[in-house]
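This briefing concerns charged side-chain pairs and their surroundings. Please consult the sequence and the structure shown here before reading on.

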Amino acid sequence: MSETALSTHDSEVSPNRDVLLKMLRYMKLHRAIESRLEIAYRQGKLVGPLFVGTGEEAIGVAGAVQLGAKDVIFPSHRDLGGFLAKGVSAEQVFLHYLGRKDGPTRGRDANLHFGVWEHRVGSFISHMAATVPVAAGAAFAIKSRNQAHVVLCYNGDGSTSRGDWHEGLNLAAVLELPIVYVCVNNQYAYSTPLSRQMAVDTVAERASGYGMPVQTVDGNDALAVYRAMQPAIARARGGLGPSFVECVTYRMTGHGAHDPADYVPKEFFEAGARTDPIEQFTNWLLSSSRVSPFDIDAIVREIEAEVETAWAVAEESDYPDGPETLEGVYAD
Amino acid sequence: MTTYIEAIRQGLLEEMRRDPDVFLIGEDIGAFGGAFKATDGLMEEFGPLRVVDTPIAEAGFTGLSIGASMMGMRPVVEFQFSDFMSCAFDQITNFAATTHYRLGIPVPVTFRAPTGGGFNGGPFHSGCPEMYYVHTPGLKVVAPGTVYDAKGLLKASIRDDNPVIYLEHKHLYRRLKEDIPEEDYVVPLGKASVKVQGTGLTILTYGAMLHACLAALELLPDHRGAIEIIDLRTLLPFDQETILDSVKKTGKVLIVHEARRTGGIAGELTAVIADQVFEYLDAPIRRVTAPDTPVPYAPPLEDFYLPNGSDVAKVASELLAY
């Protein structure tokens with residue numbers, strides 16, 4: 001992937017200032033929440049594993065900020081920004097990671113395996129790509145009811161080798177469903193590099209075979225992702241069917257916090273660090289005078305306070321009682 | 001007189017007319033009307049968005065039905081054969097079955113699955129996969145053995161807010177005929193039915209094996225009044241109360257199922273009976289089941305494989321004499 005500067009051509013569609021500030025805020029909040037979780041993990045305060053999306057924040061955010069309240073998103077485990085832009089709070093994230101009874105799964109599930117359906121955020125499961133056909137089903141319901149909502153479904157490059165991914169994309173294309181599939185291509189499936197995952201050059205080539213428009217963009221360029229998502233979302237909203245957007249990025253950590261990632265060459269991390277999406281986006285916002293340093297300071301202060309308050313509340317909150325295990329298996 | 005499969009077709013038709021959120025999805029169910037014609041004529045009335053033909057992609061259309069149900073729709077999935085549910089096992093057991101537990105939202109999908117042997121379908125068209133799903137909390141599993149129940153259980157399954165595996169027995173499709181009510185009715189999930197009353201032996205069964213048990217009764221004319229036959233109808237959750245009440249009365253138990261022996265529901269029922277009413281038992285609990293092999297193709301092999309009325313009668317008379 002080339003390390004180009006942010007796409008700043010004036011002729012291209014550009015989000016307004018409010019949207020730009022929102023994007024910056026959610027990208028920074030994504031990183032701040034996960035930085036707090038990394039501290040907690042090292043302190044042994046997290047009961048389970050931790051998977052972060054450091055360096056991948058642009059992708060979830062640039063899609064989700066374009067959605068309305070009734071649009072649906074199925075994020076995957078490095079797309080925390082997508083959860084946040086759809087209305088999930090830092091407190092809900094912390095409650096969930098800590099397994100507390102007031103969390104979105106009441107202690108039932110771990111890490112980013114959760115949704116908040118009132119915000120139309122669906123939950124993925126550990127079986128990679130399982131949400132690909134499920135998200136198509138949400139889009140099918142929208143189409144059946146003749147509504148103009150859309151569905152965004154996020155998956156990593158690793159999940160594009162699974163059958164569910166292929167069956168889901170094919171169904172979405174054949175049934176012309178209002179959905180955008182987004183691939184967070186961070187170039188590794190746990191320890192397996194792309195070259196051992198597929199014999200084509202891009203994930204988009206795989207998607208293209210199912211008969212939908214595809215794009216491959218620099219996933220560390222928030223504006224490029226925004227601009228790629230916009231026509232794809234418009235196409236879905238207009239009832240013209242699915243699209244596929246591949247966002248190439250760098251996984252800046254191991255698979256999880258437990259993984260030192262010795263198998264990743266150091267040049268990879270260096271390239272990722274040079275193209276950090278938050279840094280690039282911030283520099284562009286400042287250099288193009290779209291926001292001032294004061295705006296950015298205000299966002300940083302607000303996020304710091306929000307994260308610390310949310311963490312304190314979550315840490316003070318109760319675990320569910322053991323016998324609650326038995327509750328909620330069935331809908332009454 | 002209505003056939004078992006016509007009762008299923010009527011159940012689908014009536015639920016689709018009653019509720020616009022009900023839709024059907026599966027392979028060859030639209031223009032073709034389904035491999036067994038359970039959806040014959042429905043696309044003409046409801047169109048291709050409510051009778052949805054799909055590619056051969058069981059995991060795909062199962063996942064799709066789950067997503068649509070999360071949005072408040074009530075999909076009815078048709079697997080062409082219950083054997084092919086294995087292709088969607090992950091979506092059913094890990095996604096559909098856990099969604100309410102994890103997210104607190106209902107997944108009202110009905111999975112229709114033509115099941116069972118008796119027509120020389122061989123290893124991949126004759127299976128009884130119910131126990132994979134009975135072992136999965138969050139699912140319900142039903143298996144109608146009569147025309148009345150085929151319709152009533154289907155309607156109850158579609159109206160239920162949980163994912164329900166509805167195992168319709170292929171062997172019964174056109175062999176069973178009954179007069180059933182014209183008006184709307186449901187058969188509640190989780191309730192067994194006492195088909196024949198008796199005082200000396202409880203036979204617990206379901207699906208096509210109900211008819212093997214009824215045939216056994218004909219082979220044992222001297223034991224009329226001794227044999228009680230209970231059709232479980234729902235396997236998950238099964239009707240513990242009806243089962244235990246019967247065992248307390250008869251003191252002897254025979255369990256009959258077409259699914260394979262090891263890990264069949266007979267084992268679970270035996271454990272519950274032994275645990276709850278051991279002191280009422282007057283004989284060992286016995287079972288008649290298929291053997292632990294794949295379902296074979298050639299007629300002498302499949303005849304050997306499938307339990308029949310004589311097999312049931314033999315063990316029933318041994319138990320009555322015990």
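A salt bridge is a side-chain nitrogen of Lys or Arg within 4 Å of a carboxyl oxygen of Asp or Glu. The model is predicted, and over all chains it holds 30 salt bridges.

- Lys45(A) forms a salt bridge with Glu315(A), with 3.0 Å between the closest N and O atoms.
- This pair links distant parts of the chain, since Lys45(A) is in the loop between helix 1 and helix 2 (57–64) and Glu315(A) is in helix 11, 270 residues apart.
- Lys45(A) is partly exposed at a relative accessible area of 33%, and Glu315(A) is partly exposed at 30%.
- Arg25(A) forms a salt bridge with Glu306(A), whose closest N and O atoms are 3.0 Å apart.
- Here too distant parts of the chain are linked: Arg25(A) belongs to helix 1 (residues 17–42) and Glu306(A) to helix 11 (residues 293–316), 281 residues apart.
- Arg25(A) counts as buried because its relative accessibility is 19% and the cut-off for buried is under 20%.
- Glu306(A), by contrast, is partly exposed, with a relative accessible area of 25%.

- Arg112(B) and Glu78(B) form a salt bridge in which the closest N and O atoms are 2.8 Å apart.
- Because Arg112(B) lies in strand 5 (residues 110–115) and Glu78(B) in strand 4 (residues 74–78), the pair ties together parts that are 34 residues apart in sequence.
- Arg112(B) and Glu78(B) are both buried.

**Chain B: a network**

- Glu14(B), Glu15(B), Arg18(B), Lys151(B), Lys155(B), Arg159(B) and Asp184(B) are joined into one network by salt bridges that share partners.

Conventions:
Residues numbered from 1 in each chain as written. Chains lettered and ligands numbered in written order. Predicted model: local features only at pLDDT ≥ 70, side-chain atom pairs only at ≥ 80, totals over all residues. Heavy atoms only, no water. Helix = DSSP H or I, 4+ residues; strand = E, 2+ residues; numbered from the N terminus. Buried < 20%, exposed > 50% of the residue type's maximum accessible area, 1.4 Å probe, protein only.
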